[in-house]
Amino acid sequence: MNNQVFERKWSDYYQAVEGRPPRETLLMALEKFEEPQFAVDLGCGDGRDTVELLKRGWRVLGIDGEAEAIARLRSRPYIDFNRLETRVMRFQDLVLPKSVDLINASFCLPFCPPEHFSDLWNKIVSALQVGGRFCGQFFGDRDSWATYPNMSHHTRSQVEELLQPFTVEVLQEEQHPGTTALGEQKYWHIFHIVACKKSINSNHDI
Ligand SMILES: C[S@@+](CC[C@H](N)C(=O)[O-])C[C@H]1O[C@@H](n2cnc3c(N)ncnc32)[C@H](O)[C@@H]1O
């Protein structure tokens, strides 16, 4: 068992991914909305997804634990500050607004320490309105980083359990050897998700 904790210099990551396009899970989720609404971009980094949302007319709250991420996002060109709010906030202390239409969490939830994950996930589910969507990624149990005790990884059945309050629109499982944005070798095991929140009374098993 690896007791080493996962540490990342996020500054190097932001530098490495500068200018990259929005994530596919966000694009797939956006196709399902008829008009721009209100989104939270959780773990937004330097804003590759936030800028896409703004371009398409959405109001966005961008949240990240790193002040540098938010500073980089706010200094991007063509940001409409009438429709963007930002907060430097860690998942462990997260406060979300009510009645959110879309919560986008691209490649960030696995970095939540496991002892805070279920609280974080409950906050995400509660903040979404019925018919609102979650999109983003979970990392699987076969991912190289699953041995880090400060990261949150999930088996497929745990992912399906987390998605119980949703109608699952996309659930793609990806696994293969590869490299990170910083060029490190790593085995990727990722679940890509788009899911629509069900009403409490709906029961699709009957
Ligand atoms: C891999 S980056 C993803 C950034 C962006 N969403 C993207 O798709 O490129 C993960 C982001 O999660 C943020 N993050 C990591 N741990 C966090 C925590 N405990 N609370 C809040 N944000 C965190 C990092 O600062 C980083 O910006």
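Phe107 counts as buried, at 19% relative accessibility. Buried here means under 20% relative accessible area, exposed means over 50%, and partly exposed is in between, with a 1.4 Å probe and protein chains only. Phe107 is found in the loop between β4 and α5. Its phi is near 50°, a positive value in a residue other than glycine. Most residues other than glycine have a negative phi. The model is a predicted one: local features need pLDDT of at least 70, side-chain atom pairs count only at pLDDT 80 or more, and totals for chains, interfaces and linings use all residues. Residues are numbered from 1 along each chain as its sequence is written, and side-chain values use heavy atoms, with hydrogens and water left out.

Ser99 also has a positive phi, near 55°, and is not a glycine. This serine is found in the loop between β3 (84-88) and β4 (100-105). Helices (H or I, at least four residues) and strands (E, at least two) are DSSP runs, numbered from the N terminus. Ser99 counts as partly exposed, at 45% relative accessibility.

Strand β3 contains Val88. Val88 is partly exposed, with a relative accessible area of 47%. Val88 and Glu68 are 20 residues apart in sequence, yet their C-alpha atoms are 9.1 Å apart in space.

Now follow the chain to helix α5. This helix covers residues 114-127, 14 residues in total. From first C-alpha to last, α5 reaches 20 Å, close to the 20 Å expected at 1.5 Å a residue. The expected span is 1.5 Å times one less than the number of residues. Phe117, Leu120, Trp121, Ile124, Val125 and Ala127 are the buried residues of α5. Seen down the axis of α5, they fall within an arc of 165°, so they line one face of the helix. The arc is that of the directions from the helix axis to the C-beta atoms. An α-helix has 3.6 residues a turn, so residues three or four places apart point the same way. On the other side of α5, Glu115, Ser118 and Ser126 are exposed.

Next, the cysteines. A search of the whole structure finds zero disulfides, a disulfide being a pair of cysteine sulfur atoms within 2.5 Å. The sulfur of Cys108 has its closest cysteine sulfur in Cys44, at 8.8 Å, too far for a bond. Cys108 is buried, with a relative accessible area of 5%. For Cys112, the closest cysteine sulfur is in Cys108, at 9.4 Å, again too far for a bond. Cys112 counts as buried, at 0% relative accessibility.

Turn to the ligand. There are 19 residues around it, and Tyr14, Arg23, Gly43, Asp64 and Phe91 come nearest. A residue is near a molecule or strand if one of its heavy atoms lies within 4 Å of it. A polar side-chain atom of Asp64 lies 2.6 Å from an oxygen atom of the ligand. Phe91 uses its backbone: an N or O atom there lies 2.9 Å from a ligand nitrogen. An N or O atom in the side chain of Gln92 is 3.1 Å from a nitrogen atom of the ligand. The protein covers 93% of the 590 Å² of accessible area that the ligand has on its own. Accessible areas come from the Shrake-Rupley method with a 1.4 Å probe; for residues, only the protein chains shown count as cover.

Glu160 is partly exposed, with a relative accessible area of 37%. Glu160 and Leu171 are 11 residues apart in sequence and 9.2 Å apart in space, C-alpha to C-alpha.

Notes. Polar contact = N/O pair within 3.5 Å; in protein donor to acceptor, adjacent residues only side chain to side chain.
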